[in-house]
Amino acid sequence: MYIMRIRFVCIVGLFVGCLIGAEAFVVPPTDRRCGRGSSRAVGGVPNLNMQSTSTPLSSSRRRPRKSLQDRTHEETISLIRDVLQAAIDAGPRAGPARTIQAYLAITRTLQDFLPGPTAEEFSAPVALRKLFERLGATYVKLGQFIASSPTLFPKEYVLEFQKCLDATEPLEWPVIKRVIETELGPISRTFASIDQTPIASASIAQVHAATLKTGEDVVIKVQKPRIDESLKADLSFIYVASRILEFLQPDWERTSLSAIAGDIRSSMLEELDFEKEATNVEEFRHFLEENNLLKVATAPRIYREFTTKKVLTMERLRGVSLLDAGAIASITSDPEATIITALNVWSLSVTSMPWFHADVHAGNLLVLNDGRVGFIDFGIVGRVSEKTFTAVNELSAALAASDYEGMAVALCNMGATDEEVDTVKFGKDIENVMMKLGNVQADVTVAAMPDGTVQGTLDLDEDDVTNILLEIVEVTESNGLKLPREFGLLVKQSLYFDRYLKILAPNLDVVNDARVGLAGDTLMFSEGAIDI
């Protein structure tokens, strides 16, 4: 059995390795130099996860290359222990089934590009994305990780994996009903009704609307059966494969390959524990209450007595997307104030909480029927290290002053490089990117309605957000810097808000308007001002 499971990793690993190439994982050496007019050492290596660590090294003291012969007895024992633990975590059923699935997925993917009348032109990113989708939940999630990590992966892969949608065919109601009753007991004891047609179905879970016996409208997020076994098996073996590669080729340790794999495993397995997501929601609600913000923003109430690791029951929030300008106008007379409130609430949470909502796309940020902003889906959160947070504050201050060279210095303080950075040139490159960001325009659609009225909608392509972020990454890397993933997550959320501002407040001066947190020390909300 264990051989079958290890073979599954080898099959996928070899195919992925051929497509993406080792250079995709290479991180620049660790010494950093930057400054205004002269170089200054600001050493540190980003641990490519949600938190970064600092390890000063100078270029003259780089460690010598290691070989397999340099491995110690303790390192060998540690690797063997990890391999055995991965086999135990996988369980007895995972290996053979996943090995067969890997063969089928790779065969179908190769057939898409074999010569013939329907053959596609070969593209490594496209082939890898198709393979991941066919391998199932773990690899769909891994594809989404790639799409959200432009500071770690090549541009062409980030763009292609934007298409890796986490949407699947829903499971039949009897299957979902069995999970609910296994976790909570008979449905009739808790719920007055449950809509058997799901609101949404993703790789890990599907969501159903329901009504409690006490009358409250709720949504139930139900984990799909045995998905935990599949994810634990796949993620453990991905981690072990990276450990084996680094063990056999010690110089690859500089790439932080096993650290990235370990991070992916930890963050994805956290998503399997709905009690942790429930805690995230409750902590955000506490943050809102503590800052007197519940009149302007909210998150769903969690029903703990009906929540387990595999079933999450929460209040149903009814509202519209921040992209639906027409619907928002019917809810509030001041859409501009609404988006400013949303931005300020999120910004305050970044500075006040140990984590931030790291997925504020249009489906997770709503304008509710009562005019408040609703934050939902706290499965993905980010954590900012102290070093990155300090650099982000420096970056914000420089942005407010339109000091592009200052922004360059702040990014130097955050990133890693073995080169001397020309901050004057870097600043000019940043200015060009900021000009492009200002020139991104929303698409306007006008349609005649059956009642004779004319309705207009505004929208921005999701790719606009990704492309701007990729340009920022490209500029930093072309100037010799490698930024931590946590910064990429922060910037992506900020770009989402920039998108919403263009739709709901196109004439707003974000940097200088006193109502926006960036403009000063007071965050303005529709109910007043709150000092921070």
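Here is a short chat about how some strands pair in this predicted model.

Colleague: Happy to dig in! What are the ground rules for this model?
Modeller: Since it is predicted, local features need pLDDT of at least 70 and side-chain atom pairs count only at pLDDT 80 or more, while totals for chains, interfaces and linings use all residues. Residues are numbered from 1 along each chain as its sequence is written, and side-chain values use heavy atoms, with hydrogens and water left out.

Colleague: In what order do the four strands of the open sheet lie?
Modeller: Strands here are DSSP runs of E, at least two residues, numbered from the N terminus, and two of them pair if DSSP finds at least two bridges between them. The edge strands, β7 (297-298) and β9 (319-321), each pair on one side only. With mixed pairing, the order is β7-β12-β11-β9.

Colleague: Nice! Which residue of β12 is the bridge partner of A297?
Modeller: β7 and β12 (residues 373-375) run parallel and are joined by two bridges. In β12, the partner of A297 is V373.

Colleague: Why is strand β6 largely enclosed by the rest of the structure?
Modeller: Buried means under 20% relative accessible area, with a 1.4 Å probe and protein chains only. β6 (residues 217-223) is largely enclosed because, of its seven residues, the number buried is six.

Colleague: And which residue in β6 does H208 stand opposite?
Modeller: β5 (residues 205-212) runs antiparallel to β6, with seven bridges joining them. The two form a hairpin with four residues between them, and G215 in the turn has a positive phi of about 105°. Opposite H208 stands I220.

Colleague: Last one: which residue of β8 does K221 stand opposite?
Modeller: β6 also pairs with β8 (residues 311-315) in the antiparallel sense, over five bridges. Opposite K221 stands L312.

Definitions and conventions
Buried < 20%, exposed > 50% of the residue type's maximum accessible area, 1.4 Å probe, protein only.
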